[in-house]
Number of protein chains: 2
Amino acid sequence: MVVKVYGPLCAATKRVLVCLIEKEVEFETVHVDITKGEQKSPEYLKLQPFGVLPVIQDGDYTLYESRAIMRYYAEKYKSQGVELLGKTIEERGLVEEWLDVEATNFHPPIYNLAIQLMFSPMVGITPNPKLIEESEAKLESVLNIYEERLSKSKYLAGDFFSLADISHLPFLDYLVNYMGKEYMVKDRKHVSAWWGDISSKPSWKKVIQLYKPPI
Amino acid sequence: MVVKVYGPLCAATKRVLVCLIEKEVEFETVHVDITKGEQKSPEYLKLQPFGVLPVIQDGDYTLYESRAIMRYYAEKYKSQGVELLGKTIEERGLVEEWLDVEATNFHPPIYNLAIQLMFSPMVGITPNPKLIEESEAKLESVLNIYEERLSKSKYLAGDFFSLADISHLPFLDYLVNYMGKEYMVKDRKHVSAWWGDISSKPSWKKVIQLYKPPI
């Protein structure tokens, strides 16, 4: 059964696609045109009632929330492809810790920056300088903690690549390549080395080649 | 080895405590006085670099992020106490989906409401009516989706109690019992029945009896 992934152009969906490639799971994508509001259509809302991307269908199993979908496939195909949850329960605990740090500390300020610096200009909305300044300051302090963490281990959860790293790829790509904020990564030696490593993974390169950001 | 849990009075920590009780794991608590800023002390920051609660120590294993800690103990003691991750990988996928819905859809607006309606008045800050109105509207639309979901299954991830339900307890308690917004739950038949069920669990009753909110 081929996994059907909705909305491959969306940043959150790219997490799922990288995970599926690393786990050697076959998938097909279904385009959802958010410029036409297709994510709010009645058919789409039947699959994802919050009207956001992504959602997957795997036979009669439907699942949404990108980080939950990654966890599902990393566990379902534990012995296939690259191990992405760590080898022990303690390692998995740390993967979960950094997945949650990404969702609750890293994502909110970087998402606000993406809205202000990438998406508002696209639709003719003037960016809000105060919100940009506040979000950048918050992200700076988060990245300072990442710098300290990554001075002690090669990846976020330890010396192994995991879902926690994958989860950061799409918005770090926006920050470095679309927002003119590359210095926030480059000025931090260990964050920069980590970004260089994870953004060179063939799975990530394939995803951005096939499904170019933004949107 | 008794698990050491820091900051039992904090809402996020209460998730962890309910989980430990349900899993029959012995713990002791360490008070962190946030009115004195102890969560930003050098000693605390060594355990939790973001300076927020909770964090646990289990022998020489340290873990933070409340939802990650719950997952760790629910998996570590899978066959002890109440099963909180579902019985199959597919059930666990849905637990993860609703844990992430809680973290990314439910938590931001209810957290803003708590700040405005509970914590700002405590420290003499005038609440922001526009932010209250916007947060309440967002939470209403989230709870409408919960109402639909809970019309089809007894709990969020299916007909079984899980971490996804536990994760909602502390802030729903604030909403119902401390913010004067009980109607947001009571006006929704299925959400109300679900809240009645999960807030009657002996584990939750024990936690709020021992560690009274707020803060």
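Residues are numbered from 1 along each chain as its sequence is written, and chains are lettered from A in the order in which they are written. Because the model is predicted, local features need pLDDT of at least 70 and side-chain atom pairs count only at pLDDT 80 or more, while totals for chains use all residues, and side-chain values use heavy atoms, with hydrogens and water left out.

Visitor: How many salt bridges does the structure hold over all chains?
Guide: A salt bridge here is a side-chain nitrogen of Lys or Arg within 4 Å of a carboxyl oxygen of Asp or Glu. Counted over all chains, the salt bridges number 34.

Visitor: Is A:Arg15 buried or exposed?
Guide: A:Arg15 forms a salt bridge with A:Glu102, with the closest N and O atoms 3.2 Å apart. Buried means under 20% relative accessible area, exposed over 50%, and partly exposed in between (1.4 Å probe, protein chains only). With a relative accessible area of 2%, A:Arg15 is therefore buried.

Visitor: What is the relative accessibility of B:Asp197?
Guide: B:Asp197 forms a salt bridge with B:Lys154, the closest N and O atoms lying 3.7 Å apart. B:Asp197 counts as partly exposed, because its relative accessibility is 22%.
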